[in-house]
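Welcome, and take a moment to look around before reading on. The notes below move from the whole chain to a few single residues.

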Amino acid sequence: MGCYQEGDRLIVARLLLGLAVISLIILSPICRSQAYLVNVSIKGYDGEALLNITAANFSTSEKIRSGSKIELSEGKYVFRLFALNKTFEKELNLTENTTLTFNLLFTNSTENLSLIRHIIVYPSAQIEVYEILLITNSGDKNFEGDISVPIPDHKDLNIEESTLSFINANDEGNRITFIDIIVPANDSGRIAFSYSLKSNVFKISDSEKQRLLLLSAVPVEKYENLSYKGIQDFGGQKYRVFEGNTTKCYLVFGGGGKVKVNPVALAGIFLLATSVFFYLRSRSGGWEED
């Protein structure tokens, strides 16, 4: 009988050892995944809000207030806060205890906004224009309101893409107005749009100054209130470069054949053109004269 008891004890010991090894294998990743505290701070709002948290194979929603603390394991998360009938999104790679701040302070004042227009003009069946409007908010409040910019006499206006949220873009003939656009505090965003000129004249005027960089693949016969910077090659195409910090500008384009320009690549051309332009602008010379 004692022999059977000794064998039973040996079997039980082996089973317990096996269970311990299995538990260690299962629990070790959990132990290594350390939990951290996320302190949620909400500026300009003291009510209850809904916070949606998502990650790989993880999703949850919680009702929170400013100062709420959430315990999460290490990883990359997307936080979406729903308040004031708006959605505010933040991405976070959580590797330590941290504070996540949502700024719900808003203003409709444009005093901290600045606009830079990047314009490329090229001939196709007619004179085509592609613009990237860069809007920067240097203030500590989110801007929410309408932003209007003048555009020349045109047709076939299209919004190509935008990193900023707005309800609608109204084509008012000589202006385009972005309705209820939001520009985050201490941040910037861009809107790309295109149109065709109705004639060979490009004329805009505005009540506020704006910086402008214009690249033309079409010969220019006349221009006003812009500085001509010479010719540069971008993407294998030569462009006449103009720059201004002005309330109005005026260009008359001459004749020219069709130019094969891929609109998808224009954003890249603008980024390259802008960086090269401001680099050469700081030096004397460097531009090929027309």
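## The chain as a whole

Among contacts in the protein chain between residues at least 6 apart in sequence, 67% join residues at least 24 apart. Please keep in mind that this is a predicted model.

The secondary structure comes to two helices and 19 strands. The protein chain has 290 residues, and 38% of them count as buried.

In one of them, Glu131 pairs with Arg117, and their closest N and O atoms are 2.8 Å apart. Glu131 belongs to strand β10 (residues 127-137) and Arg117 to strand β9 (residues 113-123), so this pair ties together parts that are 14 residues apart in sequence.

## Two partly exposed salt bridges

Another salt bridge joins Glu161 and Arg190, with 3.0 Å between the closest N and O atoms. This pair links distant parts of the chain: Glu161 is in strand β12 (residues 154-162), Arg190 is in strand β15 (residues 187-197), and they are 29 residues apart. Glu161 is partly exposed, at a relative accessible area of 28%, and Arg190 is also partly exposed, at 36% relative accessibility.

Glu224 and Lys222 form a salt bridge too, and here the closest N and O atoms are 3.7 Å apart. Glu224 has a relative accessible area of 36%, which makes it partly exposed. Lys222 is likewise partly exposed, with a value of 42%.

## Two residues with positive phi

Now have a look at the backbone. Asn85 has a phi near 60°, a positive value in a residue other than glycine. You can find Asn85 in the loop between β5 (75-83) and β6 (86-94). With a relative accessible area of 86%, Asn85 is exposed.

Asp180 is not a glycine either, yet its phi is positive, at about 55°. Asp180 lies within a strand, β14 (residues 175-183). Its relative accessibility is 26%, so Asp180 counts as partly exposed. Asn85, then, is a loop residue, while Asp180 is part of a strand.

Methods:
Residues numbered from 1 in each chain as written. Predicted model: local features only at pLDDT ≥ 70, side-chain atom pairs only at ≥ 80, totals over all residues. Heavy atoms only, no water. Helix = DSSP H or I, 4+ residues; strand = E, 2+ residues; numbered from the N terminus. Buried < 20%, exposed > 50% of the residue type's maximum accessible area, 1.4 Å probe, protein only. Contact = heavy atoms within 4.5 Å. Salt bridge = Lys/Arg side-chain N within 4 Å of Asp/Glu carboxyl O.
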